[in-house]
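Colleague: Could we go through this model together? I would like to begin with the helices and then turn to the aromatic residues.

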Amino acid sequence: MLGEYSDAARSVEDGLYQATVTLRGATTAAEADAAMAATQQAVEAVKADAEAYRAGLIAASAGTNTQPTGGDVAAQMAYLHQYVFDYNSAEWGDYNPYGGDCTNFASQGLIARGWHTDGTWYSDGAMWTASKPWIATAPMAAYFDKLGFTYATEADLDRVRVGDVGVFAGARRRRAWITR
């Protein structure tokens, strides 16, 4: 359940954990029934919190985001797993010898998820045909900012889910953009 709603606030997730601890410790049928009801309420609270958070993210970027919300995260992960050790360099190039390929790789994953290229974020596929936001960390972060994406800092990383893009640029700028 938390895998699907892992972007609920930590305090709400903690409430679910405590409810399950109480349920596991129940020794009578009455205790178990009460604990089960509390656990179900906690499950619904996690779902509601995560869904409200997601709706807020979409609303916050609605005026500036040109990329599809949601998307096929399973396709994104399947693509990334397929090419993590054997790059798809014939299609997208390989920038490792020039400082790293991580942003290019993250961009490929977003394409697999259902994103589309635009005048700022693009690659024609071959080496040196990509825009800076496609292949470089700081320009990608600026692109996400331009789209209006919210980002999580170290203080609220519990909101990050599989499929979001982490950008780590120096000790003071550690953010994970919520790309939903």
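Modeller: Helices (H or I, at least four residues) and strands (E, at least two) are DSSP runs, numbered from the N terminus. This is a predicted model, in which local features need pLDDT of at least 70 and side-chain atom pairs count only at pLDDT 80 or more, while totals for chains, interfaces and linings use all residues. Residues are numbered from 1 along each chain as its sequence is written, and side-chain values use heavy atoms, with hydrogens and water left out.

Colleague: In which helix does Tyr-79 lie?

Modeller: Tyr-79 belongs to helix α3, residues 73-83.

Colleague: Is Tyr-79 buried or exposed?

Modeller: Tyr-79 counts as buried, with 13% relative accessibility. Buried means under 20% relative accessible area, exposed over 50%, and partly exposed in between (1.4 Å probe, protein chains only).

Colleague: With which residues is Tyr-79 in contact, leaving aside its neighbours within four places in sequence?

Modeller: Apart from those neighbours, Tyr-79 is in contact with Asn-88, Trp-92, Gln-108, Gly-109 and Ala-112. Contact means heavy atoms within 4.5 Å.

Colleague: And where is Tyr-17?

Modeller: Tyr-17 is in helix α1. Its relative accessible area is 49%, so Tyr-17 is partly exposed.

Colleague: At what angle do the axes of α1 and α2 cross?

Modeller: The axes of α1 (residues 10-25) and α2 (residues 29-61) cross at roughly 165° and come within 8 Å. That makes α1 roughly antiparallel to α2. Axes are lines fitted to C-alpha atoms, for helices over the stretch in contact, and angles run from 0 to 180 degrees between N-to-C directions. Angles under 35 degrees count as roughly parallel, over 145 as roughly antiparallel, 65 to 115 as roughly perpendicular and the rest as oblique.

Colleague: Changing topic, how many aromatic pairs does the structure hold?

Modeller: There are 12 aromatic pairs in the structure. Rings of Phe, Tyr and Trp (its six-membered ring) pair if their centres lie within 6.5 Å; planes under 30 degrees apart count as stacked, over 60 as edge-to-face and the rest as tilted. Trp-121 and Tyr-143 form a stacked pair, 6.1 Å centre to centre with 10° between the planes.

Colleague: Where in the chain are these two?

Modeller: Trp-121 is in the loop between α5 (102-113) and α6 (132-135), and Tyr-143 is in helix α7 (residues 137-147), 22 residues apart. Trp-121 and Tyr-143 are buried.

Colleague: Which residues do ring pairs link into a cluster?

Modeller: The cluster consists of Trp-92, Trp-115, Trp-121, Trp-134, Tyr-143, Phe-144 and Phe-149.
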